[in-house]
Amino acid sequence: MAVIAGNWKMHMAPEEARAFFCAFQVDPVMADHEIVIFPPSVSLFTACECEYRDPRVQLGIQNLHWEDRGAFTGEISASMAVRAGANYALLGHSERRHVFGETDEQVALKVASALRHDLIPVVCVGETLEEREAGRVDEVILRQLDSALVSIPDPETRFLIAYEPVWAIGTGKTATPLDAAAAHGTLRGRLERAMGAATAARTEILYGGSVQPSNAAILLAACDVDGVLVGGASINPESFTEIARASG
Ligand code: PEP
């Protein structure tokens with residue numbers, strides 16, 4: 001069983017979300033996978049209430065603020081996301097980190113807030129091309145992971161990690177299965193040292209970065225890859241169906 005997650009980013013207004021769920025149906029080939037969609041927050045409640053959505057397709061919020069309420073114009077709290085239908089929270093996505101300047105410390109606060117409200121955090125980590133070329137992949141992804149783990153003291157807590165090399169997101173360039181396996185192995189090794197073997201074995205590590213129907217199966221087959229986080233290809237029900245049917 002793999003986790004197949006779709007990050008719709010700033011696409012899919014409420015009526016488009018409804019059309020997606022009308023076209024995307026869970027079939028027996030993908031029924032063993034855990035399927036999660038992260039709509040934009042204005043479409044979350046519509047997606048939750050949509051009569052076409054198979055209840056096996058779960059929902060998440062793409063970002064949240066760490067405070068529960070207050071004078072934070074434009075922000076959404078974890079408790080609001082839960083009440084709008086989210087079970088998961090995508091945190092520290094590279095677009096949040098690199099376009100909006102989100103820091104490791106802020107991601108850690110968001111992880112803590114998600115857990116307080118029983119949202120399952122999906123913590124994104126990944127290096128830029130410059131960092132990869134400088135041989136700093138492990139340093140960067142472990143720093144991002146360690147910082148988030150400060151907010152996850154209990155080894156029984158369920159959370160997911162998404163390894164998303166920044167240079168592969170929305171670029172059509174995908175990490176090779178070997179590159180993905182190496183980064184995932186590094187992350188799992190750190191999880192084992194920090195939280196124990198059982199947590200490391202249980203925690204799903206997803207690969208994200210230009211996943212398409214053509215490369216999903218080979219990436220899912222890579223060592224230590226427990227699922228995929230799909231951006232661009234997740235807003236099209238046909239391509240997301242093909243990806244969800246792929247298995248490693
Ligand atoms: C993402 O947004 O998390 C992502 C991986 O995007 P894409 O699949 O478009 O590269």
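A pocket is an open set of grid points with protein on both sides within 12 Å along at least five of seven lines, and its volume is the space filled by probe spheres set on the points. The model examined here is predicted.

**Exercise 1.** Determine the volume of the largest pocket and identify the elements that line it.

*Solution.* Step 1: the volume of the largest pocket is about 520 Å³. Step 2: among its 18 lining residues, Met10, Gln62, Asn63, Arg96 and Phe100 are the closest to the centre. Step 3: the elements giving two or more residues to this lining are helix 2 (41-49) and helix 4. Step 4: the class totals are 8 nonpolar, 6 polar and 4 charged residues.

**Exercise 2.** How many cavities of 30 Å³ or more are present, and which residues line the largest cavity?

*Solution.* Step 1: the count is 1 cavity of 30 Å³ or more. Step 2: the largest cavity has a volume of about 40 Å³. Step 3: its lining consists of Gly92, Ser94, Arg97, Cys124, Val125, Gly126, Gln144, Glu164 and Val166. Step 4: helix 4 (94-99) and strand 5 (120-125) are the elements that each supply two or more of these residues. Step 5: the lining divides into 3 nonpolar, 4 polar and 2 charged residues.

Definitions and conventions: Residues numbered from 1 in each chain as written. Predicted model: local features only at pLDDT ≥ 70, side-chain atom pairs only at ≥ 80, totals over all residues. Heavy atoms only, no water. 1 Å grid on protein atoms, 1.4 Å probe; cavity = no way out; pocket = protein on both sides within 12 Å on 5 of 7 lines; lining within 4 Å. Helix = DSSP H or I, 4+ residues; strand = E, 2+ residues; numbered from the N terminus. Nonpolar A, V, L, I, M, F, W, Y, C, P; charged D, E, K, R; others polar.
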